[in-house]
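Welcome to the tour! Open your viewer, keep the selection tool handy, and follow along stop by stop.

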Amino acid sequence: MTIHAFTDGASRGNPGESGIGVVLNDEQGNTLHEICGYIGRATNNAAEYTALIQCLERATKMNCTKLVVHSDSELMVRQLKGSYKVKEPTLKRYYQRVQELLRTAPFTFSIVHVTRNKNRKADALANKAIETRIRLDKRRVAANEDAI
């Protein structure tokens with residue numbers, strides 16, 4: 001099954017209070033799963049990578065054979081496609097975690113840059129996470145922080 005994922009990270013201040021939003025859709029556009037989580041104080045780029053990591057972890061648990069990620073983070077998309085180098089040390093750790101997940105993923109992966117208006121639902125989830133401060137499952141967050 002092909003899954004189209006929409007990911008977004010939001011930060012109020014940079015760094016500042018941050019949240020993530022992920023929407024996983026089937027090929028017909030039906031929502032299969034959503035992730036909304038507050039991640040505390042982070043940069044917008046760290047939030048974008050955190051959203052992608054959560055997306056990859058969730059897609060691995062689904063019957064996914066092809067994952068197409070849609071992100072409005074031009075920086076992250078270009079870094080993952082190899083057209084930008086990852087220079088910032090914290091982002092390098094996130095990037096390495098993404099690469100590790102992709103090496104063992106049971107699906108093919110592609111990522112595309114989209115404009116914000118095509119990523120509204122994930123953006124709304126990321127902002128809702130900041131407003132409600134509902135954290136991601138602490139166990140999952142801790143596991144990610146250990147790896148990152």
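Is the crossing of α1 and α2 left-handed or right-handed? The crossing is right-handed; a crossing gets that name if the near helix is turned clockwise from the far one by less than a right angle, and left-handed if anticlockwise.

A note before you go on: this is a predicted model, where local features need pLDDT of at least 70, side-chain atom pairs count only at pLDDT 80 or more, and totals for chains, interfaces and linings use all residues. Residues are numbered from 1 along each chain as its sequence is written, and side-chain values use heavy atoms, with hydrogens and water left out.

**Stop one: the helix pair**

Select residues 44-60 for helix α1 and residues 74-81 for helix α2. Their axes (lines fitted to C-alpha atoms over the stretch in contact, with angles from 0 to 180 degrees between N-to-C directions) come within 9 Å and cross at roughly 60°. Helices here are DSSP runs of H or I with at least four residues, numbered from the N terminus.

Now show the side chains of Asn45, Glu48, Tyr49 and Leu52 on α1, then Leu75, Met76, Gln79 and Leu80 on α2: these make the contact, meaning heavy atoms within 4.5 Å.

**Stop two: the cysteines**

Select Cys64, which is buried at 4% relative accessibility, then Cys36, which is partly exposed at 26%. Buried means under 20% relative accessible area, exposed over 50%, and partly exposed in between, using a 1.4 Å probe and protein chains only.

Next, select Cys55. Its sulfur is the closest cysteine sulfur to that of Cys64, at 8.4 Å, too far for a bond. For Cys36 the closest is also in Cys55, 15 Å away, again too far. With a disulfide defined as a pair of cysteine sulfur atoms within 2.5 Å, the count is zero.

Conventions:
Helix = DSSP H or I, 4+ residues; strand = E, 2+ residues; numbered from the N terminus.
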